[in-house]
Amino acid sequence: MKTRRLDNYGKINRDKILSFRWDKKNYKGFEGDTLASALLANNIGIVGRSFKYHRPRGIFSSGVEESGALVTIGSKDRRDPNVRATTQELYNGLEASGQNAFPNVNFDLAGINNYLGRFFAAGFYYKTFMGIPPFEWGRGTAIWMFFEKFIRKAAGMGSASELPDPDSYEHAHDFCDLIVVGSGPAGVAAAIEAAEKKLDVILVEQDSLVGGDQLAENNFDNSQIKNQLENLGIKIMTRTTAFGLYDNCVVGLLERVTDHISAPNVNIPRQRFWTIRAKHIIVGAGAIERHIAFNNNDIPGVMTVNASKHYLNRYGVLTGKRIAIATNNDSVYETAQQLSEAGANVTVLDSRTNFEIETNKCFEIRKGYVPYNINGSKKIHSLDVSKSENMNKSETINCDQVLLSGGWSPAVHLLSHRGVRPKWDYSNACFLPSDSKENITMVGSSRGLWNKNDCIASGIAGTTDALNRLGISKTNYFFPKPGGWKNPIQPLYEVKYKKSRSKSFVDYQHDVTTDDVRLAHREGFISVEHLKRYTTLGMANDQGKMGNIIGLSLMAELLKKEIPEVGTTVFRPPYTSVSIGALSGRNVGKHFRPLRVTPMHQWNIDNGAKMIEVGLYQRPWYYPKENETLSDSYIREASTVRKTVGICDITSLGKIAIQGPDSTEFLNRIYSNGFSKLQVGKARYGIMLRDDGIVMDDGTSWRLAENEYFMTTSTGEAAKVMSWLEELLQTRWTDLNVNVTSVSEQWAGVSVAGPKSREVLNNCVDDSLVITNNNLPFMGVTSTFLKGNIPCRIARISFSGELAFEVYVKSDFANTMMDLLWENAKKYDGCLYGLEALGALRVEKGHVTAAELDGRVTIDDAGLSKMASTKKSYIGSAMRKRGVLKNNDREILVGFFPTNLKETFNAGTIVCEKNNIKGQGIGRITSVTYSPELGHWIGLGFVKGGLDKWKDTNLVGADPVRNKQMNLKVVSPHMIDPKGERMYA
Amino acid sequence: MIRINCPYCGERDHSEFSYGGDATINYPSLDASEKEWTEAIFFRKNIKGFQFETWHHSNGCRMWLVVERSTVTHEIKSVKPCHPNLQKVVENNK
């Protein structure tokens, strides 16, 4: 093949020369080139190697259907594999290389695979899974285990960068009345008609230029169209692909903002992921030309006819010197004429015998001829052709290029995303879109219209359809009939030539041959969906845009059925690939998910806190002194709380204000324990069940006034509890007069815990009388003031088992409160303590948290049966008595000690009987800590039958993940101060 | 993407809402039997076509809504507040 640039052709900007690198060599192109056109202009024919057989691959097309010219663009952290050279715009300094080849695409060692083809036929993967017959067929996979790493290494095309992506991406949103996909004659006509009827219109074009297939016309100038669209106020989005249609007329777009710029502004995102909410969608996505399957139809130099027209008229590149065109339809003759006018020697082989066509007679037309074999390997030497009715009479045509047109397939993909199946049209040998019940209208060649005037008429009709459906007008309209060629197409998908063993390709990129389709049929994979998976037909980057119909026709022939009876696979989004970066947008790194901090977050850090994530919250984990490790630190903190006093930020707890005359009744219904007799000025610990009787959450509710409560929930369940309360009030108990408000952000909370906590608080409150044991007994609540006139709420609640207070102030006073408390706590050798010490203290006391209340545990399992009222009904009260939840066999909360007190264990350990260490055992350990008070490791967890059953038995803790095993004994979960004397002090 | 026309906030993406469940369930009283509760919370119809379902405008006005949606096409025929008093407010404001 000899490809070259012509002086008088093309719409490239010859004043602007761009240099680029291909496979480590420097080349030049012009502004307006794609990488493919620039490579062709430099007479580069081989641009890659095929997936399995490593056969040389050239450029097959000029658009998104490309399945040969897939290249790697860029290097290091900007290395993008599998980019279509046909859609990649050239820019100065562009670096590209061929893929799937070593050492390079011209000489590839793995080309040996071409001769081992019989081992790589369809399904070879799956057969390898099955083992080698007869030795291990169907039972072993040893052979697969052995070959897997080689196969995995060989599979795939280019490789992506493994470095962090340096580019930024954006999510954007827009609304419009009408979105038009495609700026060909039909799309433009639709957009103009709609804008003139005062609709708000967005026009989307995947190309860099507006015009669609007209860009391949020799005298086409799009500037007038562009001006007209702009003057009408139409939003034109070029370099933007509508990759998917979704419910309610939502369209997903990918805008490639800087992929065509050599040194983009770093403040601009590389790509934008658009979500467009439209009222109506018009799709004028065009049609895609098909190739024809015959022997060696993949040799570099094979191209679709329309692609060569694009290269000639848009890029000024003549793709061959002696060109053979094989066709079965009228669409090629204009191109043949233009190619011959441009200086090529053209022969058209038309499979049809009876037809009339007007040409300038400067090229040869051979009626009734078909191609059956290409001679050559890295380039085309000649083409073997034959009379279609008599394959024994053949001759050879000298040529350096073979252009193919096996008909056109309307791009029905987007409509297919909405579940609308296309219907086969016999007279045009293609699938046509069916009508959609949703507000989607197909126009132009994507509804099978082959001439420009019909396309324009369909665009206007499409907009009328939109106006009618939107209720704006009631106008009659009609769409032109599909077709538009003078002579009918003669279906031609494959030319068979029996004597040869050469390969005849259906899907170029994945090396699916006609023999693979036949093999799939022989082995029983006859449904199109099975055919696709077994052969990988249509699973490559092009997603079957070129080869699918050929594969279907072969299967139809084998099954002795018609194509529509065989069916078609469903096209799913995306139409062309969408980068992961665009999908994630700005939700990367620190912005991966929202970050919640408490109002004293900075105060905690300033005072030495190491932070830990709890859900979205950052909470103090531990406050190390000098060289303390995590365990040094939390053990010191927990001991200090037991000895003197500690201060802990508990702001992340959910907080809900419950107000209204029926508040008491409401709480009495949602908590398992009674709330009807809770006095004003008292708080109560409560457990909420779900409808099905399982524990949902626990927390406290404080009665601040007759009709006002302050509820706290666990950190993790706060949002769920809030939604649940709203659901109950708005859907089930609509007669209750209660209002719930989330006040989690409004209040900052700390726990002041330890025997010296009252003394610390005495120095901090305005009036120390309010917190005496008489005035504020255990579970008492008061609203008072901290020094400096700071209003606060104090409740005597203990999670640690010590004398303790929870103090809440308005979030704005958080830092003042912390300064005040900490200043006074220091006087008693107190400490700040974090989540790790909090955990140690509560495990010692046997208090449950999310680790225990995991959505499978009942109130009885958690050892809290006393919390289940027998005097009233509440949510879950009927269902918690289900037989299955009352089984003797249920796992009950217990404490664990290691038998040898010097040993440790981990959460997640499986508890087993001594002589039966297997499976799920008889229980599990959920929380583990070192107990400073007891001086050894302790755990909380569950065991079948509970303490009573196992208290004198030696059990085994199996921790296969960490390869550990230890002896355990079961103890009461209340491992310290079981009577709670300290709390009541 | 489903778009839900919240009576208070206007038409919004479904990502602002959380799905609840069957809106036609009559939950038994709290002192009802285990059998009645089992029937209400475990046995649900799998409707093909329009069904009434609850949605919570959790990232909006926090209203619980009854949405009449087709499980086949996602077409939404009606949206109204769950709470009868809020329904009346919406009706009066029309």
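In this predicted model, A324(A) finds its bridge partner in β19(A), and that partner is T347(A). Strand β19 itself covers residues 345-350 of chain A and is mostly tucked away, with five of its six residues buried. β19(A) also pairs with strand β20 of chain A (residues 364-367), again running parallel, this time through four bridges. Here L349(A) sits opposite R366(A) of β20(A).

Strand β22, made of residues 380-387 of chain A, pairs with β23(A) over six bridges in the antiparallel sense. Across that pairing, L383(A) faces I397(A) of β23(A).

On the scale of the whole chain, chain A splits into five pieces: domain 1 (1-161), domain 2 (169-283), domain 3 (290-407 + 487-507 + 551-565), domain 4 (630-652 + 746-840) and domain 5 (654-742). Domains 1 and 3 of chain A touch, with 26 residues of domain 1 in contact with 28 residues of domain 3. On the domain 1 side, β1 (4-5), α1 (35-41) and β5 (56-57) of chain A each put in at least two residues. The largest share of that side comes from α1(A), which supplies three residues. Sorted by class, the domain 1 side that touches domain 3 of chain A has ten nonpolar, nine polar and seven charged residues.

One residue of chain A can be looked at on its own. H173(A) lies in strand β9 of chain A, which takes in residues 169-181. H173(A) counts as exposed because it has 10 C-beta neighbours inside 10 Å, and the cut-off for exposed is 12 or fewer. Between H173(A) and E334(A) there are 161 residues of separation in sequence, and their C-alpha atoms are 42 Å apart in space.

Turning to chain B, the secondary structure comes to two helices and six strands. Followed along the sequence, these elements of chain B come in the pattern β-β-β-α-β-β-β-α. The C-alpha trace of chain B spans about 40 × 30 × 20 Å along its principal axes. Of the 94 residues in chain B, 15% are buried. Looking at contacts in chain B between residues at least 6 apart in sequence, 47% link residues at least 24 apart.

Chain B has an open sheet too, with four strands in the order β3-β4-β5-β6 and antiparallel pairing. The edge strands of this sheet are β3 and β6 (76-81) of chain B, each pairing on one side only. From one strand to the next, the twist averages 30°. β3(B) and β4(B) run antiparallel and are joined by three bridges. Within this pair, Y19(B) has W55(B) in β4(B) as its bridge partner. Chain A comes in here as well: its helix α18 (residues 718-732) packs on the sheet and touches β3, β4 and β5 (64-70) of chain B, with a direction that makes about 80° with that of β5(B).

As for the contact between the two chains, it draws on 22 residues from chain B and 23 residues from chain A. On the chain B side, the elements giving two or more residues are β3 (18-22), α1 (34-42) and β4 (50-56) of chain B. Among these, α1(B) gives the most, with three residues. The side of chain B that touches chain A is made up of ten nonpolar, eight polar and four charged residues.

Conventions:
Residues numbered from 1 in each chain as written. Chains lettered and ligands numbered in written order. Predicted model: local features only at pLDDT ≥ 70, side-chain atom pairs only at ≥ 80, totals over all residues. Pairing = 2+ DSSP bridges. Buried ≥ 20, exposed ≤ 12 C-beta atoms within 10 Å, placed from the backbone. Contact = placed C-beta atoms within 7 Å. Nonpolar A, V, L, I, M, F, W, Y, C, P; charged D, E, K, R; others polar. Axes fitted to C-alpha atoms, helices over the stretch in contact; angles between N-to-C directions. Domains from an automatic or database assignment.
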